[in-house]
Amino acid sequence: MEKKPFERPFIKKLQAGMPSKFGMKSMTEPITHIDDIPVSEIIADYGSPVYVLSEKTIRDQFKKAKHAFTTRYPKVQFAWSYKTNYLDAVCRIFHQEGSWAEVVSGFEYDKALQNGVKGSQIIFNGPAKTDEELKKAIDNDSLIHIDHFDEMYAIIAISENSEKRPKVAIRVNMDTGIYPMWDRFGFNYESGDAWDAINRIMVNEKLDLVGLHAHIGTYMFSAGSYKIAAGKLADLAYGIERKYGVNIKYIDVGGGFASQNTLKGAYYPGSDTTPSFDEYAEAISSALLNSQINPRNLPTLILETGRALIDDAGYLLGTVIANKRLSSGNRATIVDVGVNLLFTSFWYEHEVYPAAPVSEHMEETTIFGPLCMNIDVIRDAIAFPLLKKGDHFVIKRIGAYNMTQWMQFITLRPNVVLTGTDGKVHLIRKQEHMDLIRQQEVIPGHLK
Ligand SMILES: *Cc1c(COP(=O)(O)O)cnc(C)c1O
């Protein structure tokens, strides 16, 4: 029999909580306040359901992330991913903190301009930029990240009738050990496509290749895959330095850092398994610093982090509509928050807390939304105390994507408020009304 290799034993701290003789702790601490403002007061003033964003949490998270990177790498720039949450108030907080804008459509591009972002500080990503949008981005000296050859040819064609020299980067996709691989965006590293794109840009006098970009996926819980990605981009940058004597100005490793939410089916809660900003920063900065790139010409490191910066700052407050028993005997709680307002409930086990102290008795419960749809489930099974009709609850960590991927479906979208660092509650998006929806509709004459 073959001898197995020896593995040193080690002691690891249990992070998931302390079991008692009855098993894991099952009490739910209520969330009664957000930034010292009573949840009941927010609902009384702004209705239920209502989204709440904490300005303090946004700024704290940003500072934490920035600190992790700037202490490890000399040139760092964040660019706020608009599609993650493009409420103007949110974007402006990130811009005040020094973030540029990262946009993936003409709509988001215009939103960034209207938020006062300089054209030269807008990164234009995405696979579907129109000629008109490209022309505007070129005129404004924005950074255009090319997704495919047809887009490259469009930029070349536009630049032939323009004084401007478009500033471009290519998006690179690659094998980082995470499958399925995201290979539909950009040019592939392993196949040589990326070099093909680089060479075409470099021999074209009109285009200015300023950066290299990769966005390897979203909710990536392996810091190691960023190390691979940053290493491969650094390899390309070094190759360009050698072949053309040109220094790439920036390497953009995209977004995708995991937030602390728990994915459906995950064994451990996300708050125990998600890498910290420090771990991501360590992986990325060491890949760049240990690369062959000449240290005198280190490129700026750009980060397009979205969800990991905003998820924790978002809450969705709601009210219990009813309780009932399912045919299985299981308890069901029906609430006024549906999947139309909580898109991320399709892949996260969202944490739901009572908004006031309640009985310690917990029972496995299914939480349904108010939509007349079987799929309207906020949680399939959660150990939850009995909340009565009219009781309030708080869903935590919902700041990313829910305020952009929400649907006007069956009901209207509710108010969004910001708990400000000034201690006040600010309305940042008004609830929708019938008139707003109907004004977009046109009734043909014969139906009037
Ligand atoms: C969506 C997106 C991001 C942000 O991703 P997160 O998972 O929210 O961090 C960054 N860059 C690009 C190109 C994107 O498409």
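This is a short tour of the model, one selection at a time.

Before you start, note that this is a predicted model, where local features need pLDDT of at least 70, side-chain atom pairs count only at pLDDT 80 or more, and totals for chains, interfaces and linings use all residues. Residues are numbered from 1 along each chain as its sequence is written, and side-chain values use heavy atoms, with hydrogens and water left out.

**The whole chain**

Show the chain as a cartoon and you will find 12 helices and 20 strands (DSSP runs numbered from the N terminus: helices are H or I with at least four residues, strands are E with at least two). The radius of gyration is 25 Å, close to the 22 Å of the globule rule for 448 residues, so the chain is as compact as a globular protein of that length (the radius is taken over C-alpha atoms, and the rule is 2.2 Å times the number of residues to the power 0.38). Along the principal axes, the C-alpha atoms fill a box of roughly 85 × 70 × 45 Å.

**Two domains**

Next, colour domain 1 (33-52 + 313-433) and domain 2 (55-311) separately; these bounds come from an automatic or database domain assignment. The C-alpha centres of domain 1 and domain 2 lie 33 Å apart. At their meeting place, 25 residues of domain 1 are in contact with 24 residues of domain 2 (contact means heavy atoms within 4.5 Å).

**Ala-332**

Now select Ala-332, in strand β14 (residues 331-335). Is Ala-332 buried or exposed? Ala-332 is buried, with a relative accessible area of 0% (buried means under 20% relative accessible area, exposed over 50%, partly exposed in between, with a 1.4 Å probe and protein chains only). Leaving aside neighbours within four places in sequence, the contacts of Ala-332 include Leu-326, Thr-365 and Phe-368.

**Backbone stops**

Most residues other than glycine have a negative phi, and most peptide bonds are trans. Go to Ser-48 and Pro-49, joined by a cis peptide bond with omega about -5 degrees; Pro-49 is in the loop between α1 (39-46) and β3 (50-54). Another cis bond joins Tyr-179 and Pro-180, with omega about 0 degrees, and Pro-180 lies in the loop between β8 (167-173) and β9 (187-188).

Finish with Asp-36, which has a positive phi of about 70 degrees although it is not a glycine. Look for Asp-36 in the loop between β1 (33-34) and β2 (37-38), where Asp-36 is exposed at 72% relative accessible area.
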